[in-house]
Amino acid sequence: APPFPTCRVSSMLLRHPSASLIDLRARGLGGRAAHRVIVPRVSTPARAGAGATGADGLHPDIRTTLFSEEQLRDAVSRLGREIGNDYSGKSMLLVGVLKGCYMFHADLARAITPEPAVFEIDFLKASSYLPGALETSGKVNIAEGFDMSNVAGKHVLVVEDIIDSGLTLTAITELLRTEGRAASVKVVTLLDKRARRKVVFDADYVGFDCPDEFVVGYGIDYSERFRFLPYIGTPTQVAIDRIAAEYKAMREVDETFAFQSDDPTD
């Protein structure tokens, strides 16, 4: 039989929680079913990932809270005062490492007082984690697009959500010093997980020492889940296993067919 053309499948259809059998209909075949793909039906908590909470106020996939909303607010305020005093009168560039820092970066920028003489904000994207992974891969990937010419002569403060291996921040800070020719480069991290260090690296400002547990929330994700949580907690093993299975199933589908999303924003 002749090969079927590339199929287009809506990403929303693939993500539908009740879908167990999906008909992939190739365009140009008059709607005739070209392939059928079995996607395992996954049991998820009501409104999982959309802010559902239990009697204790926690998302049903979260086992326990490590750092509460109040603790996070206090830490950000403390760091803002320390940084404001150190950078008073200087030309400062606050560089966030995406995506995990986005909540921390926004709150910290508003908490820095007194305000530096020149206060600019930028972002770059770098990671040593692979999708669906619980541990660093050991290889740092820095995405293109960051304007290195904007760094020269400025006092750069890199904002990170969590430091574990130290590999990502070592690469970023070296890049800003050498190629960027920054006047200075320092790092502020919300969480410091020193038990996972693979290189010698010390942040200049630290919100909390973090226990050697997998954490999510306040911008930190697991396979793009849980970023929205206003606190930082540890997911249940059931949730970790379920999300890993979902990711694996979608990867298997992706490796079998060439997909394009019907959603232009996806």
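This briefing describes salt bridges, helix packing, a surface patch and backbone geometry in one structure.

The model is predicted, so that local features need pLDDT of at least 70 and side-chain atom pairs count only at pLDDT 80 or more, while totals for chains, interfaces and linings use all residues. Residues are numbered from 1 along each chain as its sequence is written, and side-chain values use heavy atoms, with hydrogens and water left out.

**Salt bridges**

- The structure holds 14 salt bridges, a salt bridge being a side-chain nitrogen of Lys or Arg within 4 Å of a carboxyl oxygen of Asp or Glu.
- Asp-192 and Arg-197 meet through their side chains at 2.7 Å, N to O; Asp-192 is buried at 3% relative accessible area, and Arg-197 is buried at 18%, where buried means under 20%, exposed over 50% and partly exposed in between (1.4 Å probe, protein chains only).
- Arg-196 forms a salt bridge with Asp-212, with the closest N and O atoms 2.7 Å apart, and this pair links distant parts of the chain, since Arg-196 lies in the loop between strand S8 (184–192) and strand S9 (205–209) while Asp-212, 16 residues away, lies in the loop between S9 and strand S10 (232–235).
- Helices (H or I, at least four residues) and strands (E, at least two) are DSSP runs numbered from the N terminus.
- Arg-196 is partly exposed, with 34% relative accessible area, and Asp-212 is likewise partly exposed, with 43%.
- Glu-246 and Arg-242 form a salt bridge whose closest N and O atoms are 3.6 Å apart, and because they stand four residues apart in helix H5 (residues 237–256), about one helical turn separates them.
- Salt bridges that share partners join Asp-61, Arg-225, Arg-242 and Glu-246 into one network, in which Glu-246 is buried at 14% relative accessible area and Arg-242 is buried at 12%.

- The axes of helix H2 (residues 69–86) and helix H3 (residues 102–111) come within 8 Å and cross at roughly 50°, which makes H2 oblique to H3.
- Axes are lines fitted to C-alpha atoms, for helices over the stretch in contact, with angles running from 0 to 180 degrees between N-to-C directions; angles under 35 degrees count as roughly parallel, over 145 as roughly antiparallel, 65 to 115 as roughly perpendicular and the rest as oblique.
- Tyr-231, in the loop between S9 and S10, is buried at 9% relative accessibility, and its C-alpha atom is 8.8 Å from that of Gln-71, although the two residues are 160 apart along the chain.

**Surface patch**

- Leu-98, Tyr-102, Ile-121 and Phe-123 make a nonpolar surface patch of about 330 Å², where patch residues have over 30% relative accessible area and no salt bridge, and nonpolar side chains (Val, Leu, Ile, Met, Phe, Trp, Tyr) are joined within 5 Å, like charges within 9 Å.
- Ile-121 belongs to strand S5 (residues 118–127) and is partly exposed at 45% relative accessibility.

**Backbone geometry**

- Most residues other than glycine have a negative phi, and most peptide bonds are trans.
- A cis peptide bond, with omega about 0°, joins Leu-98 and Lys-99, and the bond from Thr-113 to Pro-114 is cis with omega near 0°.
- Arg-181 has a positive phi near 55° and is exposed at 58% relative accessible area, whereas Glu-224 has a positive phi near 70° and is partly exposed at 46%.

Methods
Accessible areas come from the Shrake-Rupley method with a 1.4 Å probe; for residues, only the protein chains shown count as cover.
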